[in-house]
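Let's take a walk through this one together, chain by chain. Keep the viewer open as you read.

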Amino acid sequence: MKTAIIQFPGLNRESDMIMALENVSGAKTQTVWHTETSLPDTDLVVIPGGFSYGDYLRCGAIAARSPIMKAIVEHANKGGKVLGVCNGFQILVETGMLRGALMRNANLKFVCKQVQLSVENDSTFFTSKMNKGDEVTCPVAHHDGNYFVDDETLKRLEGDGQIVFRYANGTNPNGSLNDIAGICNAKGNVIGMMPHPENMIEALHGKTDCRPLFESIAA
Amino acid sequence: MKAMIKVTLKNGVLDPQGKAIMGSLQSLGFNGYDNVRQGKYFELDIEAFSKEEAKARATDMCEQLLANTVIENYEIEIV
């Protein structure tokens, strides 16, 4: 799987993401700087986590308007896969590629801990090796992960299976509506999530719960 | 011309920061107020031939960047 990792100033989780993609998904990665206006030949685009542009204005707002994003939107419109994690999710939401908004955590605190995630949609490119209802432990580290969307859109997301991950067992760390931790677009080829599965894949992480997600990419 | 742009959360969108600020005001002894909402304010100099043109451009800026219209409203004043 040819994979492009997008690098914005202020992102800091790209190395972990590259390691997960190369070691578990067997992907061939190439890093693309945000000022580029086109993507290399790629199947998957990944926007990792961090704090692009210091979270100025709104998290992900400025990155979402950078030159490379146009190419990423075109890639997605042609059916290409896109995964955004944490700040990457915030960026995808700010471009409008995914619905809703990620607001300041309801308890106003930066949360850095492990949560339980339940898989709600097992037919996406990132969850195909899992089953609906499976639960995994996964770390979160963010200040603005409080998912919000208007009632009508929420109903549609729920009805169309666009909720990919939910916080389970009362571990919602940020006040997200309906415990939403990750969603996809209508076609299912664009996925965004707040938790960091790339940090739960090897023994040193404590658990390897999230390996099947990266194995799904290889499938 | 100067554009003064106010971005506020839409009604119905929870504002935990506003709530925390309200708690702090209470602890300072202020009372007789309710519904503290936090927003953003932008000021910029716009080159334009008319107020209408300036407002149209500021509106574009709000729609494309300054406000997230999923959760925020904006108000523009041109002087």
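What follows goes from the overall build of each chain down to a handful of single residues.

A word on the ground rules: this is a predicted model, in which local features need pLDDT of at least 70 and side-chain atom pairs count only at pLDDT 80 or more, while totals for chains, interfaces and linings use all residues. Residues are numbered from 1 along each chain as its sequence is written, chains are lettered from A and ligands numbered from 1 in the order in which they are written, and side-chain values use heavy atoms, with hydrogens and water left out.

Start with chain A, which has five helices and 11 strands; helices (H or I, at least four residues) and strands (E, at least two) are DSSP runs, numbered from the N terminus. Its radius of gyration is 15 Å, close to the 17 Å that the globule rule gives for 219 residues, so chain A is as compact as a globular protein of that length. That radius is taken over C-alpha atoms, and the rule is 2.2 Å times the number of residues to the power 0.38. Along the principal axes, the C-alpha trace of chain A spans about 40 × 35 × 30 Å.

How much of chain A is buried? Of its 219 residues, 57% are buried, where buried means under 20% relative accessible area, exposed over 50%, and partly exposed in between (1.4 Å probe, protein chains only). Among the contacts in chain A with a separation of 6 or more, 74% come from residues 24 or more positions apart; a contact means heavy atoms within 4.5 Å. Chain A exposes about 8,700 Å², with carbon and sulfur atoms supplying 47% of it. Those areas come from the Shrake-Rupley method with a 1.4 Å probe, and for residues only the protein chains shown count as cover. As for charge, chain A has 20 positive and 24 negative charges, and their mean positions are 3 Å apart. Here Lys and Arg count as positive and Asp and Glu as negative, with His and the chain ends not counted; each charge is placed at NZ of Lys, CZ of Arg, CG of Asp or CD of Glu.

Now zoom in on helix H5 of chain A, residues 211-218. Its buried residues are Pro212(A), Leu213(A), Phe214(A), Ser216(A) and Ile217(A). Their cover includes helix H1 (14-23), strand S3 (44-47) and strand S9 (163-167) of chain A. The loop between strand S11 (190-193) and H5 holds Met200(A), which counts as buried because its relative accessibility is 1%. Setting aside neighbours within four places in sequence, Met200(A) has contacts that include Gln114(A), Thr137(A), Cys138(A), Pro139(A) and His205(A).

What about the cysteines? There are zero disulfides over all chains, a disulfide being a pair of cysteine sulfur atoms within 2.5 Å. Cys86(A) is in none, and the nearest cysteine sulfur, that of Cys59(A), is 8.6 Å away. Cys86(A) counts as buried, at 4% relative accessibility. The sulfur of Cys184(A) is 17 Å from the closest cysteine sulfur, in Cys138(A), so that pair is too far apart for a bond. Cys184(A) is buried too, with a relative accessible area of 3%.

Over to chain B, with two helices and three strands in the order β-α-β-α-β along the sequence. The radius of gyration of chain B is 16 Å, well over the 12 Å that the globule rule gives for 79 residues, so chain B is more spread out than a compact globule. Its C-alpha atoms fill a box of roughly 50 × 25 × 15 Å along the principal axes. Buried residues make up 28% of the 79 residues.

Val7(B) counts as buried because its relative accessibility is 1%. Val7(B) and Tyr74(B) are 67 residues apart in sequence, yet 4.4 Å apart in space, C-alpha to C-alpha. Beyond four places in sequence, Val7(B) touches residues including Gly39(B), Phe42(B), Leu66(B) and Tyr74(B).

Where do the two chains meet? One place to look is Asn68(B), in the loop between helix H2 (51-66) and strand S3 (72-78) of chain B. Asn68(B) touches Arg58(A), Glu94(A) and Ala101(A), not counting residues up to four places away in sequence. With a relative accessible area of 10%, Asn68(B) is buried.
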